[in-house]
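Q: Could we go through this structure together? I would like to start with a sheet and then turn to the helices.

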Amino acid sequence: TGETKPLVSEAPRATKKISVVVGAVDASRSLSRCLDALSVSCAGLDSEVIVVKAGSEATAPTPCSAPGLRTVTMPEDTLTPILWSEGIATSTGEVVALTTAHCFVTAGWARSILGAIENGAAAVGGPMRLASDSSNVDAAIFFLRYSAYLDGRPDGATHDIAGDNCAYVRDRIPESAWSRKTGFWEVDVNREIAESRDTIVWSAAAAAEFGKSFSMRSIARHRFEHGRLFARARVSRG
């Protein structure tokens, strides 16, 4: 898993309609709930769920509750954008959806994504909601990361969707915007899609809840390391 691998266009030929890549870091309290929600949302669809684990998650068993479930393990301290890029590179779906193990999608999430893509979208995102049983730390993390993606926005074209609740048509992801080595950063990918005049769509029905997440110490460390990795990724692409 430490080897540098090709971009998304060189991933395996699509054999599924939708692949859901779940980044799992510090997710022992939430992974089972995440997969249960995906199992409901993807029921009856030609789908696969790929859980990419790091750190303590890598040795923990994965609850088997989602269709076509596969697990990929990565080195300790691997950050979520790298988990996503690894999952994308090993996925087989025509559509690749991203989330984390701290997110719990709604029942209509997967079909809302596919519906928007069938109507021509290259990428789809939806609202983030704070789970009702969240802690004060969860709430602080939620508003830090997701205040731009709350309920209330109407369906339609947009330029910005959250990496923790988004999906892309595989063949329409700009290859220059990400790599397996430096990670999948939705900010850069969304920007290149918009600049190419392709369509990013907001779907209010494609909602996900956030909760049961990091400790304060863990999120502070991760935010710092994300900043360093993001800077390296952008410099590497000029």
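This is a predicted model: local features need pLDDT of at least 70, side-chain atom pairs count only at pLDDT 80 or more; totals for chains, interfaces and linings use all residues.

Q: What is the strand order in the open sheet of three strands?
A: The order is E5-E11-E7, and the pairing is mixed. E5 (103-105) and E7 (128-130) are the edge strands, each with a single partner strand, so one side of each has no neighbour in the sheet. On average, neighbouring strands are turned by 35 degrees against each other, direction ignored.

Q: Do E7 and E11 pair in the parallel or the antiparallel sense?
A: E7 and E11 (residues 208-210) pair in the parallel sense, over three bridges. Leu130 has Phe210 in E11 as its bridge partner.

Q: Which strands does H1 lie across?
A: Helix H1 (residues 31-41) lies across E5 and E11, and runs at about 20 degrees to E5.

Q: Which residues of H1 are buried?
A: They are Leu31, Cys34, Leu35, Ala37, Leu38 and Ser41. Viewed down the axis of H1, these buried residues fall within an arc of 160 degrees, so they line one face of the helix.

Q: And what covers them?
A: The cover includes strands E1 (16-24), E2 (47-53), E3 (69-73), E4 (93-100) and E5, together with helix H3 (109-118).

Q: Changing topic: is Glu86 buried or exposed?
A: Glu86, which belongs to helix H2 (residues 80-90), is buried, with a relative accessible area of 5%.

Q: With which side chain does Glu86 make a polar contact?
A: The side chain of Glu86 makes a polar contact with that of Arg180, at 2.6 Å.

Notes. Residues are numbered from 1 along each chain as its sequence is written. Side-chain values use heavy atoms; hydrogens and water are left out. Two strands pair if DSSP finds at least two bridges between them. Helices (H or I, at least four residues) and strands (E, at least two) are DSSP runs, numbered from the N terminus. Axes are lines fitted to C-alpha atoms, for helices over the stretch in contact, and angles run from 0 to 180 degrees between N-to-C directions. Contact means heavy atoms within 4.5 Å. Buried means under 20% relative accessible area, exposed over 50%, partly exposed in between (1.4 Å probe, protein chains only). The arc is that of the directions from the helix axis to the C-beta atoms. A polar contact is a pair of N or O atoms within 3.5 Å; within protein, one must be able to donate a hydrogen and the other to accept it, and residues adjacent in sequence count only if both atoms are side-chain atoms.
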